[in-house]
Number of protein chains: 2
Amino acid sequence: MNIEKMVEIGLLFEQYKELLTDKQREIVSLYYEEDYSLGEISENLNVSRQGVYDALKRSEKILKDYENKLHLVRKIQEQEKITKTIIDKIVDIKQDLLQNRDCANLIPKVENIEDICREMLK
Amino acid sequence: MNIEKMVEIGLLFEQYKELLTDKQREIVSLYYEEDYSLGEISENLNVSRQGVYDALKRSEKILKDYENKLHLVRKIQEQEKITKTIIDKIVDIKQDLLQNRDCANLIPKVENIEDICREMLK
């Protein structure tokens with residue numbers, strides 16, 4: 001499977017999985033997260049290979065349709081980019097504080113903000 | 001109308017309006033954003049008063065069901081709370097820098113982070 005597609009569907013699935021049916025969720029998870037083949041899923045779930053394929057295609061369409069309307073994946077990626085920018089700027093300030101020790105008392109305060117930002121990226 | 005409900009539906013509508021039909025979106029907007037009465041909406045859209053009422057109830061249920069699955073409003077509120085916390089901490093650091101002028105060169109850098117955070121709240 002194409003790696004870009006795997007990442008794309010993985011990100012969409014993470015955000016919108018609750019909007020799929022239990023069966024769709026199970027099939028997408030087995031295929032995209034657990035790396036089962038269509039044949040293996042078919043055997044495990046006792047669904048025809050074509051049935052598994054159709055469920056995957058249908059689920060992918062549902063996930064993409066929701067992203068086209070809500071843009072959650074895009075927004076989260078933008079948010080992460082901003083958070084990383086803030087971390088870079090905080091690290092830069094920390095470097096300055098370490099070099100000029102006159103305001104060393106500020107280092108813990110700056111590090112506290114860095115911690116909060118890193119927590120947001122988890 | 002109860003103000004808490006207005007705020008609640010307003011927040012949900014902001015996040016999930018794209019998941020309503022055009023007609024549902026129009027009715028929710030007129031009622032919750034433009035403060036039209038059921039009677040006025042009925043007259044304007046040439047739909048029975050009961051039809052407007054049913055569309056509102058149905059739309060509210062759809063919006064709430066999506067929030068129960070995706071928790072977007074809750075997540076955005078949590079995100080805003082964290083951003084406000086960072087701003088408070090940045091303002092505190094700025095105060096320290098203004099009082100101890102040894103590191104005054106850091107003030108623009110700190111203000112830059114504050115600006116980025118305030119932009120996120122818009």
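Is Glu14(A) buried or exposed? With 54% relative accessibility, Glu14(A) counts as exposed. Keep in mind for every view below that this is a predicted model.

View 1. Glu14(A) sits in helix 1 of chain A, which covers residues 3-16.

View 2. Met6(A) belongs to helix 1 of chain A and, at 30% relative accessibility, counts as partly exposed.

View 3. In chain A, Glu119(A) and Lys122(A) form a salt bridge, with their closest N and O atoms 3.3 Å apart. Glu119(A) is partly exposed at 49% relative accessible area, while Lys122(A) is exposed at 78%. Over in chain B, Lys122(B) and Glu119(B) also meet in a salt bridge, 3.3 Å from N to O, and Lys122(B) is exposed at 79%.

View 4. Lys57(B) and Glu60(B) pair up at 3.2 Å, N to O. Both lie in helix 4 (residues 49-70) of chain B, three residues apart, or about one turn of the helix. Lys57(B) is partly exposed at 33%, whereas Glu60(B) is buried at 5%.

**View 5. A salt-bridge network in chain A.** Lys94(A), Glu111(A), Glu114(A) and Arg118(A) are linked by salt bridges into a network. Over all chains, the salt bridge count comes to 22.

Definitions and conventions: Residues numbered from 1 in each chain as written. Chains lettered and ligands numbered in written order. Predicted model: local features only at pLDDT ≥ 70, side-chain atom pairs only at ≥ 80, totals over all residues. Heavy atoms only, no water. Helix = DSSP H or I, 4+ residues; strand = E, 2+ residues; numbered from the N terminus. Buried < 20%, exposed > 50% of the residue type's maximum accessible area, 1.4 Å probe, protein only. Salt bridge = Lys/Arg side-chain N within 4 Å of Asp/Glu carboxyl O.
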